[in-house]
Amino acid sequence: MKNKTVKRIASIVAIASVCVFFFSYIIYHMVSSSNNEIKTEFALKETVYKTIDTKCFVIRDEEFIKSDAQGTTVSFATNGDRVASGDTVSIVFSSSEDAATYLKAQELKKDIEHYEELSGQANFQTLNINSLTKKINSELYDYLDSVEARDFKNAIPSVELFRDSMVGKQIATGKTVDFPDNLVRLNEELSSLDSGNLDFTEIKSKNAGYFISGSDGYENTLKFSDIDSLTAKDVKKAIKSKPGNISPDVVGRTVSSFKWYIACVIDTDKTVDITFDKKIYINFPGSGVERLPVSLYRIGDKGAKETVVVFCCDEMNKSLSDFRIEDIEIITDEYSGYRISNTSIRTIDGQQGVYIVRGNLMGFRKIRVIYSTKDYSIVDNPDNASDYIKLYDKVVTEGVDLYDNKLI
């Protein structure tokens, strides 16, 4: 009986020993495996901005263009175009049929002029094919860039230049292009149109400046002449205001001054980042306009909690002409460098740096942090030193037991 008990205890001890060994083996490999599991990311170049986010009110030197003509309008100017005093900005036809006839006649005249110009090229066959090919490629890229940017105003002339250059290449390589037949057909079609007795009224600009069609009802909310006396209260009221009544005889506006203003209200303590000698850019997230260069025109009372800040701009195009009450990001600083996760940053012997992986070896590389958020930092290599981080380094973001020259 006693021997059986001893044997049973011995068996239990043996089984327990095997279990302890087995679990120790598993734990060892789990720990060992976790030590070898590291995560990395590439060090890539990135530019980030420090911004002040607020709302603004856009102020222009606007003068209404008015007309009581009734009918179908054909525009000659698009938003943001420069017009001179006396320029025709649109024509109002008494009927839609007259407007259609006019547009068709203008299209035919343009095509005739185009074919007459190409016909003149047929007498010159000494064109350099290599130069012409480069020109064709450049014009094609310009067209594709315009389409990608949805800039269809520039896309049309780009594709016309591309077309003409292709025809020029056909001529230069000896291919026959039948211009006379096209010219005869176009002239006959133009003659068949009764375009000489159309009933219309021309609308002209009284002033020189940028043209903007119609009205948004905010032209008189803040006056251009009051730009030097605007207060934070004035701007906040304007931003919250509703558009005024629009007169039915308003056809458009001319912006006489080259300069226009962006007025906003910001916390006074943030104005420390805005100075007259500093390059300042503004983003308009709602319209996709980025890094619009502006200059500081004035800062209001710095003794209050909030103050009015006015920026000045001398650029104008279709997108900018639409601005009135907008969300903006005032870029006060920008930082360019390598973006890395904050989890990758370590301090070794008082030096900030990161571990990187090259081949099967781990190495420590120094960094200089120039901008940081709670999740990531922008770092750089100030003197392009060999012991600092470089572009496309595989930076270790997670892992344990990291050290220089560790075999991975």
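This is a predicted model: local features need pLDDT of at least 70, side-chain atom pairs count only at pLDDT 80 or more; totals for chains, interfaces and linings use all residues.
## A three-stranded open sheet

Another open sheet is built from three strands in the order S4-S6-S7, and here too the pairing is antiparallel. Its edge strands, strand S4 (72–75) and strand S7 (200–204), each pair on one side only. On average, neighbouring strands of this sheet are turned by 25 degrees against each other, direction ignored.

Four bridges hold the antiparallel pairing of S4 with strand S6 (residues 88–93). A handy landmark is serine 75, which stands opposite serine 90 in S6. As you look along such strands, keep in mind that side chains in a regular strand alternate between the two faces of the sheet.

## Hairpins around S16

On one side of the story is strand S15 (residues 346–348), which pairs with S16 in the antiparallel sense over three bridges. Isoleucine 348 has glutamine 351 in S16 as its bridge partner. S15 and S16 make a hairpin with two residues between them, and aspartate 349 in the turn has a positive phi of about 55 degrees.

S16 also runs antiparallel to strand S17 (residues 361–366), joined to it by six bridges. Here glycine 353 finds its bridge partner in lysine 366 of S17. This pair of strands, S16 and S17, likewise forms a hairpin with two residues between them, and the turn contains glycine 359, whose positive phi is about 65 degrees. S16 has antiparallel pairing with S20 as well, through two bridges, and valine 357 stands opposite lysine 394 in S20.

## Salt bridges across the chain

The structure holds 19 salt bridges. One of them joins aspartate 327 to lysine 55, with the closest N and O atoms 2.9 Å apart. This pair links distant parts of the chain: aspartate 327 lies in strand S14 (residues 325–341) and lysine 55 in strand S2 (residues 44–59), 272 residues apart. Aspartate 327 counts as partly exposed because its relative accessibility is 43%, and lysine 55 is also partly exposed, at 38%.

Another salt bridge brings arginine 358 together with aspartate 393, again with 2.9 Å between the closest N and O atoms. Arginine 358 belongs to strand S16 (residues 351–358), while aspartate 393 sits in the loop between strand S19 (376–380) and strand S20 (394–398), 35 residues apart. Arginine 358 is partly exposed at 41% relative accessibility, whereas aspartate 393 is buried at 5%.

Are arginine 60 and glutamate 62 buried or exposed? Arginine 60 is buried, with a relative accessible area of 2%, and glutamate 62 counts as buried too, at 16%. Their side chains meet in a salt bridge of 3.1 Å, N to O.

Notes. Residues are numbered from 1 along each chain as its sequence is written. Side-chain values use heavy atoms; hydrogens and water are left out. Two strands pair if DSSP finds at least two bridges between them. Axes are lines fitted to C-alpha atoms, for helices over the stretch in contact, and angles run from 0 to 180 degrees between N-to-C directions. A salt bridge is a side-chain nitrogen of Lys or Arg within 4 Å of a carboxyl oxygen of Asp or Glu. Buried means under 20% relative accessible area, exposed over 50%, partly exposed in between (1.4 Å probe, protein chains only).
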